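Look at the rings first.

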Amino acid sequence: MKEEKESRGGMLIALCTICYFISYLTRINYGAVLLEVERAEGISKVAASMAVTGSFITYGAGQLISGWLGDRLKPEKMILAGLLTTAGMNLLVPIFTEPGMILVFWCINGFAQAMIWPPMVRIMSACLDGDTYKKAVVRVTWGSSAGTIAVYLLAPACIRWKGWKSLFFLCAAGAICFAVVWIKGVPAAMKRAGEARNRARDGTGSTPRPTMAGTGRPGRLLSKSAVLVLVMPAIVMQGVLRDGITTWMPSYVAATFSLDSSSAILSGVVLPIFSIVCLEITSVLNRKLIRNELLCAGVVFLTGFCGSLLLAFLSSVHVLVSVGLAALVTGCMYGVNVILVSMLPAFFQKKGKVSTISGLLNSCTYVGSALSSYGIAWVAQEKGWQSVLWLWALVAFVGTLLSLLCTRRWNVFKTDAS
């Protein structure tokens, strides 16, 4: 029975992982070729970064909307709509290359991307048991790391092959192909995973449909969840570091060590590779050792602070040192993200608010992302990259304090939410 359950849950987890892979492939590709877009199209760093900032804003705002809708509509259909829309925007960007047009398309793309994660969390929390869910969100987050690796490997190859525009056509084709796979495969995967979960839970052969509708009194739950207000600023800090470093690391490396666009972009591959390791370590810490999500996030944040502090002190020693330390910091932020954004919403499953809370928390990540995309461009342009590195260290320190301050209150909340 255990093997049957795992194999059926595995199909759903695999589809969600690939979906998240495609999501990242079609979301961060513009940031990956940002340096080349500046050079090839002759636009300024700030003008080029506006599209990234706009997409982060619409993604963050879209998280709130799609999170609310994800608890009320069929989540698999919402994800399909997001995939098809993002494919369309990826097709339009290389055709209309004016900064204003790219800004519009990438803002729409940000909103389309927001239709993927909250409904996906709802699907997994409804169809998988608690322990499987905790493992599943880590596996699905691997998809984001794998997507980042793929983008940073494909981007230099595309630039040297047919130019930066070819990357967008390739990513759009991948999204369209997977959309077909998703809509044909996910209903059966959800049904099988839900059946296996229910049989394992009650020991009978009954196979009731997984319940994804809201129950209970949400107003009371949300009043108790005021503790999340303390968590949200920490998630903002995580977003500043995770997406800020991922977006601007190639530009920092190129400016500091005089690398060309392709070589600088290729250096970004190290970041998501290391993040996979950090995700696994964070998962083990949370499930086996610490058993308090906020304390675990604080420990991981502290590690990221130490790495960012070293990066600021050793900024020009060697390109490998800078890339390695940046990889450590971003890996830690991926770990913080999976704890604060992916694990916490599962505590709202009984009240049918998983998608809503997931969207709320994930939107905080992209408040930080939006701040970092424009803010880092401005600081780098006006103050230099060394100031950016000290800013990253300060942000990591603030995130550490916020997480640790919430530790005791979170234990009380977990008891109330159980």
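How many residues apart are Phe178 and Trp182 in helix H9? They are four residues apart, about one turn of the helix. Helices are DSSP runs of H or I with at least four residues, numbered from the N terminus.

This is a predicted model: local features need pLDDT of at least 70, side-chain atom pairs count only at pLDDT 80 or more, and totals for chains, interfaces and linings use all residues. Residues are numbered from 1 along each chain as its sequence is written, and side-chain values use heavy atoms, without hydrogens and water.

**Aromatic pairs**
- The whole structure holds eleven aromatic pairs. Rings of Phe, Tyr and Trp (its six-membered ring) pair if their centres lie within 6.5 Å; planes under 30 degrees apart are stacked, over 60 edge-to-face, the rest tilted.
- Trp106 and Phe168 are edge-to-face, because their planes meet at 75°, with centres 5.7 Å apart.
- Trp106 is in helix H6 (residues 99–113) and Phe168 in helix H9 (residues 165–202), so this pair ties together parts 62 residues apart in sequence.
- Phe178 and Trp182 have centres 6.2 Å apart and planes at 50°, so they are tilted.
- Ring pairs join Tyr30, Trp106, Trp164 and Phe168 into a cluster.

**Burial**
- Trp106 is buried at 1% relative accessible area. Buried means under 20% (1.4 Å probe, protein chains only).
- Phe168 is buried at 0%.
- Phe178 and Trp182 are buried too.

**Charge over ring**
- Arg139 lies over the face of Trp142, 4.8 Å from the ring centre. The cut-offs are CZ of Arg or NZ of Lys within 6 Å of the centre and within 35 degrees of the ring normal.

Technical notes: Helix = DSSP H or I, 4+ residues; strand = E, 2+ residues; numbered from the N terminus. Buried < 20%, exposed > 50% of the residue type's maximum accessible area, 1.4 Å probe, protein only.
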